[in-house]
Amino acid sequence: MFKHSLLVLLVSGFVVTKASGEALQGKLNVEQPQSTVVTLYSDKALISQTFNSRPDAKGNLEISGLPINRLDGSLNLEYIDGETVYRPEEIFWYQGGLDRDNYYRNLEGKNVEVFGGGLNVAIQGKLVSYQQGIGLVEGSNGRQYFIDYHDPQGLRILSRVSSETQGKSLKYLTADFGRQPVSGPLKLTYITPQLSYDSHYRLTLLSQNQGRLELKTLLTNSSNINFNQAKIRLVAGGEGGVPGFYRKNRMLEASVVADAGDYGERVGEVLLSTLPKDTVLPANSKQLMDLFSEALHLEKLYTLDVYGRSTGGRTSMAERPRLTWKFEAPLDLPPAQVRMYDQDPDGGYIISGNSWLPKTTAGDHAWLTMGEALAVRVERTRLDVEQKSDKELVVKWQATVSNDQEDSITLLLRERDPNLIKLESVKGATLEKMDQLRVVVTAGTQKTIHFTAKYRR
């Protein structure tokens, strides 16, 4: 059975490309790496790639294929040879990708056609000037045509030049390494929101005390880059902490761990796991994957948290506890939403509850709170209050638990008042902890319990 843990995804890809001697000097295509690592979070991905490309004689390296939608400030490019690192003096590109003004400004001095604005046929000519939506075309017929893109009924321009020569700044980034000699592999990293994931658990009730826990994830690749023939890793954990700084450090840490164990291996505060070798992330695609499936022994509980000192007089309070499922984590579990499924009388399934599972270590107990009970009620009454000293208050309680269900239930009554010293003098229930009582009520009956709570004043 395949097991893993997920909140973040790592993709390590090894793609067949040209040998280093055949690599075009001064050119780099991000779809032809020697290796790729993609650390995927729920809203972004850190892409880390290795190339054998080299700058041209002037020290320039043109980079093509990067997604337009990326965090530009995250772009990092460097050659690493042992302890020596070579970084570019400058990385330059026109901001905004296919920006109209940049596009047409790169057509200045080139052949174009003018159409629209009442013309019966397109006019051929040359764009002699363009700036901020205003252009001037010198037609081959000897006339000049004024282009104003702010006028929706005005003249328009069609390029007569192939896309490869319309301005490489629209497609390329240029990294200037100067005249310095470089050595070692080239490392390229950047952050993009075009790759993401969304995971959830499916908890299916098989019988009263048995269930099956499945972890599913939806992988999304909205970029135009294919991650094929890839070694894919999942990284879970490390989502907390200070936003930005903490997450960025965890992303960097996870992205460089390319040779960890198979699955469930802990690296710092994150968990690493490996997907099957045939898993791919095609461009512009979504795919739903099953990550693991585990049988569980479930304990059905009803929990009621109370704050005793906030109750005044001999007031009786009718409250509904919350349905809670408890189980031992079979492996390290990442945080994710949980949907509970139960069989209906017709043999189908219904969603009987929703919850959230926090990050849970293997062997620890997980608690899933589903919502208020429909057929279980608790009525609490404060019977007496006695001040023992200036620092201690003793309160006597009575609680009646009603169970209108067809099965026996177990209720946990938990005193959450921070000034509680302990619960004592318990009748009709079991004292599990100094602040928790366990009450078992058979089907269709009521049970009344008594206890005393000591509080600090």
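What follows is a working chat about a predicted model of one protein.

Colleague: How many helices and strands does the protein have?

Modeller: In this predicted model, the protein has 2 helices and 34 strands. Buried residues account for 46% of its 457 residues, and the accessible surface comes to about 23300 Å², with 47% of that belonging to carbon and sulfur atoms.

Colleague: And of the contacts between residues at least 6 apart in sequence, what share joins residues at least 24 apart?

Modeller: That share is 70% in this protein.

Colleague: Let's go to the rings. How many aromatic pairs are there?

Modeller: The structure holds 4 aromatic pairs. One of them is formed by Tyr104 and Tyr130, whose ring centres lie 5.6 Å apart with the planes at 40 degrees, so this pair counts as tilted.

Colleague: Where do Tyr104 and Tyr130 lie?

Modeller: Tyr104 belongs to helix 1 (residues 100-105) and Tyr130 to strand 10 (residues 123-131), so the pair ties together parts that are 26 residues apart in sequence. Both of these tyrosines are buried, and together with Tyr149 they form one aromatic cluster.

Colleague: Staying with Arg380, is it buried or exposed?

Modeller: Arg380 counts as buried because its relative accessibility is 3%, and the cut-off for buried is under 20%. The side chain of Arg380 also meets that of Glu319 in a salt bridge, with 2.9 Å from N to O. This pair links distant parts of the chain, since Arg380 is in strand 28 (residues 376-389) and Glu319 is in strand 23 (residues 316-319), 61 residues apart.

Colleague: How many salt bridges does the structure hold, then?

Modeller: The structure holds 15 salt bridges.

Colleague: Which residues are linked in a network of salt bridges?

Modeller: Glu299, Glu432 and Arg438 are linked in such a network. The side chains of Glu299 and Arg438 meet at 3.2 Å, N to O, and that pair links distant parts of the chain, with Glu299 in strand 22 (residues 299-306) and Arg438 in strand 33 (residues 436-441), 139 residues apart. Arg438 also forms a salt bridge with Glu432, at 2.4 Å from N to O.

Colleague: What about the accessibility of the two glutamates?

Modeller: Glu299 counts as partly exposed, at 26% relative accessibility, and Glu432 is partly exposed as well, with a relative accessible area of 35%.

Colleague: Changing topic, where does Gln194 lie?

Modeller: Gln194 is in the loop between strand 15 (186-192) and strand 16 (195-205), and it is buried, with a relative accessible area of 17%. Leaving aside neighbours within four places in sequence, Gln194 is in contact with Pro67, Asn69, Thr220, Asn221, Ser222 and Ser223.

Colleague: And how far apart are Gln194 and Ala45?

Modeller: In sequence they are 149 residues apart, and in space their C-alpha atoms are 7.5 Å apart.

Colleague: You listed Thr220 and Asn221 for Gln194. What does Ser285 touch?

Modeller: Not counting residues up to four places away in sequence, Ser285 touches Leu219, Thr220 and Asn221. Ser285 is found in strand 21 (residues 285-297), and a polar atom of its side chain lies 2.6 Å from the backbone oxygen of Pro282.

Colleague: Which residues have a positive phi although they are not glycine?

Modeller: Asn284 is one of them, with a phi of about 50 degrees, and Ser425 is another, also with a positive phi of about 50 degrees. For context, most residues other than glycine have a negative phi.

Colleague: Where is each of them placed?

Modeller: Asn284 is in the loop between strand 20 (270-274) and strand 21, whereas Ser425 is placed in strand 31 (residues 420-427). Asn284 is exposed, with a relative accessible area of 58%.

Methods:
Residues are numbered from 1 along each chain as its sequence is written. This is a predicted model: local features need pLDDT of at least 70, side-chain atom pairs count only at pLDDT 80 or more; totals for chains, interfaces and linings use all residues. Side-chain values use heavy atoms; hydrogens and water are left out. Helices (H or I, at least four residues) and strands (E, at least two) are DSSP runs, numbered from the N terminus. Buried means under 20% relative accessible area, exposed over 50%, partly exposed in between (1.4 Å probe, protein chains only). Contact means heavy atoms within 4.5 Å. Accessible areas come from the Shrake-Rupley method with a 1.4 Å probe; for residues, only the protein chains shown count as cover. Rings of Phe, Tyr and Trp (its six-membered ring) pair if their centres lie within 6.5 Å; planes under 30 degrees apart count as stacked, over 60 as edge-to-face and the rest as tilted. A polar contact is a pair of N or O atoms within 3.5 Å; within protein, one must be able to donate a hydrogen and the other to accept it, and residues adjacent in sequence count only if both atoms are side-chain atoms. A salt bridge is a side-chain nitrogen of Lys or Arg within 4 Å of a carboxyl oxygen of Asp or Glu.
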